[in-house]
Amino acid sequence: MTVAGATLVVAGVTLVADLSGALFWEEQGLLVVSDLHLEKGSSFARRGVLLPPFDTVATLGRLAAVIARHDPRMVIALGDSFHDRTAHDRLSATDREALAALQARRDWIWISGNHDPALPSDLGGVVAEEVAIGPIMFRHEPSGAPGEIAGHLHPKARVSTRGRSMERRCFACDGERAVMPAFGAYAGGLSIRDAAFARIFQSLGFMAHVLGDVRLHTIAASRCY
């Protein structure tokens, strides 16, 4: 099946918004993902909330597919890659091997998030608070600054189509800044009509690039609810 994407422009930079929820900057050979929340299932299990323990396998599988599709030379994970401070210790040997295979022969940057502020050095790659490349600043929590690509808020949009309501993850972008959808299999979402997005975009004059079944749907935020 062909996976359709959409083009986003942030501060004059053209990026491909992949249907998986990743961004690809072809000129830089850079793939960006956000909020993997690996080991969320095991985190919940430790608190007595039982979820099927397959989220890490599913998330790494989706990540492997998008890496195979774009073959980036660099990957940036925009924070909350792990669901809690000890989640990386709970990775199975198989999952560690899968992650190492994805990192092989490419640069890998882990951005610190609020869920994983202190990542160990044995994960491979390097850890940073934020990264600037050209006019773009990559960070976990959005500030609303021009040229910013961030995550953290897990944007989702609810729209009506053919008389039915549909709620999906989305990219939120106004041409100057973007907030990426959560990539993790068990990651939840926050409506783009929430006040948190109003603080970033100042108005509803931004677009929701909604992850559909076979393509992205670009919808004005004002039409979502």
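Biologist: Where is Cys224 found?

Modeller: In this predicted model, Cys224 is found in the segment after β16.

Biologist: And what makes Cys224 count as buried?

Modeller: Its relative accessibility is 2%. Buried means under 20%, so Cys224 counts as buried.

Biologist: How many disulfides does a search of the whole structure find?

Modeller: The search finds zero disulfides.

Biologist: Is Cys173 buried or exposed?

Modeller: Cys173 has 4% relative accessibility, and with the cut-off for buried at under 20%, it counts as buried.

Biologist: Back to Cys224 for a moment. How far apart in space are Cys224 and Ala132?

Modeller: They are 32 Å apart, C-alpha to C-alpha, and 92 residues apart in sequence.

Biologist: Let's move to the rings. How many aromatic pairs are there in the whole structure?

Modeller: A search finds three aromatic pairs.

Biologist: Why is the pair of Trp108 and Trp110 called tilted?

Modeller: First, the ring centres are 5.6 Å apart, and rings pair if their centres lie within 6.5 Å. Then comes the angle, which is 55 degrees between the planes. Stacked needs under 30 degrees and edge-to-face needs over 60, so this pair is tilted.

Biologist: What makes the pair of Phe201 and Phe206 stacked?

Modeller: Their planes are at 15 degrees, and planes under 30 degrees apart count as stacked. The centres of these two rings are 4.2 Å apart, against a limit of 6.5 Å for a pair. So Phe201 and Phe206 form a stacked pair.

Biologist: Are those two buried or exposed?

Modeller: Phe201 has a relative accessible area of 6%, so it is buried. Phe206 is buried too, with 1%.

Biologist: Which residues do ring pairs link into a cluster?

Modeller: Phe82, Trp108 and Trp110. Trp110 lies in strand β6, residues 107–111.

Biologist: How do you know that Trp110 is buried?

Modeller: Its relative accessible area is 0%, and buried means under 20%, so Trp110 is buried. Trp108 is buried as well. Trp110 and Val126 are 16 residues apart in sequence, and their C-alpha atoms are 6.1 Å apart in space.

Biologist: What makes the charged end of Arg62 sit over the ring of Phe183?

Modeller: The charged end of Arg62 is 4.2 Å from the centre of that ring. The distance limit is within 6 Å, and there is an angle limit too, within 35 degrees of the ring normal. Arg62 is listed as sitting over the ring of Phe183.

Biologist: Now the loops. What is phi of Glu39?

Modeller: Phi is near 65 degrees there, a positive value in a residue other than glycine. Glu39 is found in the loop between β4 (30–33) and α1 (40–46), and it is buried, with a relative accessible area of 9%. Asp80 also has a positive phi, near 50 degrees, and Asp80 lies in the loop between β5 (74–77) and α3 (93–103).

Biologist: Why does Asp80 count as buried?

Modeller: Its relative accessibility is 1%, while the cut-off is under 20%, so Asp80 counts as buried.

Biologist: What makes Gly134 exposed?

Modeller: Gly134 has a relative accessible area of 68%, and exposed means over 50%, so that residue is exposed. Gly134 lies in the loop between β8 (130–133) and β9 (136–139). The C-alpha atoms of Gly134 and Arg215 are 29 Å apart.

Biologist: Last topic, the largest pocket. Which residues lie nearest its centre?

Modeller: Val159, Thr161, Arg162, Met166 and His217, out of 13 residues that line it. The elements giving two or more residues to the lining are β11 (155–161), β12 (164–173) and β16 (216–220).

Biologist: What is the lining like by class?

Modeller: The lining has four nonpolar, four polar and five charged residues. The space in the largest pocket is about 400 Å³.

Terms used. Residues numbered from 1 in each chain as written. Predicted model: local features only at pLDDT ≥ 70, side-chain atom pairs only at ≥ 80, totals over all residues. Heavy atoms only, no water. 1 Å grid on protein atoms, 1.4 Å probe; cavity = no way out; pocket = protein on both sides within 12 Å on 5 of 7 lines; lining within 4 Å. Points joined across faces, edges and corners; volume = space filled by probe spheres on them. Helix = DSSP H or I, 4+ residues; strand = E, 2+ residues; numbered from the N terminus. Nonpolar A, V, L, I, M, F, W, Y, C, P; charged D, E, K, R; others polar. Phe/Tyr/Trp six-rings, centres within 6.5 Å; stacked < 30°, edge-to-face > 60°. Buried < 20%, exposed > 50% of the residue type's maximum accessible area, 1.4 Å probe, protein only. Disulfide = S-S within 2.5 Å.
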